[in-house]
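Have the structure open and follow along.

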Amino acid sequence: MIDLLVAGEVMTAVRCDGPLRLGGSATVSVVGAEAGVAIGAARLGHSTALGGRVGADESGALVRRTLAAEQVALDAVVTDPEATTGLVLFERRTPDLTRVEYHRRGSAGSRWGPADLAPALALRPRAVHLSGVTAALSESCRAACAELARRARLLGAVVSFDLNHRPALWPGDVAGPELAALAGLADVVIGSPEEFDLIGAADPAGLLAGVPGEVVVKNGAHGATSHDADGTRHQPALRVRAVDPVGAGDAFCAGWLSALLDGADRTERLRRAVTVGAFAVTARGDWEGLPRRDELSLLGLPDGAVVR
Ligand code: ATP
């Protein structure tokens, strides 16, 4: 049995110092919403596995190596010999503007499907986390998400679903009904106010009439709000110097799931979620700045503090 299974596509990220067409230097790492959640949970000490597909290529090897170094188990990652690992190019166009180009159509990650679920379910995860990014990739990915959610719940796992709408992957009118269907299979649904609107739940608490027992609205620097049968609870964001907002939502999910796996109550789940979310915005990169468990209290220290 493991604590958490996170399923989704992890890609190679190439970050160029200037405009891509001029060449020059770049740094290489891995990205993907689900990678951020998995790494975040693993850093907090939970036994965590990734589910999905990578290509039989050097990018796939980088994904495997990076996640293994972060203690994320790869038993449920299938190697696809017929497709390449997805690629994302970031170019710093101006100091404050980054342009992103995705090369993920037909990628190994987008070919993940229901036939790949056996090794994931064999891990007997206590919790399963899915996101709307995976659902956007292909029909087979959508089917795998739905099947995994159903089967994991039957095995007693808590299923969380981050709506994570990516307009570049699918427009709102297509995504809305699909995301709503997946949200209806999850115990916990997490999203932004706009994403709840998109699935026809402008009042997120309305989802509690279906399967979800808790609905969590993340709202950037305004913090987050949870709705369940006991009512509504709000947690303000921590005040930090934000340098890169990307990845905050995934970090938030990692913190929330970590507290859930610890058996913490709703207040502590929200507190840990906003804490890990705040860590993400203080560092460049999607997951690099995520805290270890013994670092969770660092953001409470006064500005300029030196920890010896
Ligand atoms: P992304 O898609 O970029 O990962 P998101 O839109 O899914 O982000 P946000 O609502 O931006 O998610 O952020 C998630 C949580 O992270 C917030 O609820 C908040 O607790 C924390 N957070 C985000 N931005 C800040 C900030 N500027 N300062 C402090 N905490 C923040």
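What you're looking at is a predicted model, where local features need pLDDT of at least 70, side-chain atom pairs count only at pLDDT 80 or more, and totals for chains, interfaces and linings use all residues. Residues are numbered from 1 along each chain as its sequence is written. The protein chain averages a pLDDT (the predictor's confidence in each residue, from 0 to 100) of 95, and 100% of the residues score at least 70. The model's ipTM is 0.97 and its pTM 0.96.

An unreviewed UniProt entry annotates residues 4-291 as "domain: Carbohydrate kinase PfkB"; such annotations may be inferred rather than shown by experiment. Over that stretch the chain is 34% helix and 27% strand, counting DSSP runs of H or I with at least four residues as helices and of E with at least two as strands.

Now look inside. The largest nonpolar core has 86 residues. Such a core is a set of buried Ala, Val, Leu, Ile, Met, Phe, Trp, Tyr and Cys residues joined through C-beta atoms within 7 Å, where buried means 20 or more other C-beta atoms within 10 Å of a residue's own, with C-beta atoms placed from the backbone. H8 gives the largest share of this core, 10 residues.

Methods. A residue is buried if 20 or more other C-beta atoms lie within 10 Å of its own, exposed if 12 or fewer, and partly exposed in between; C-beta atoms are placed from the backbone.
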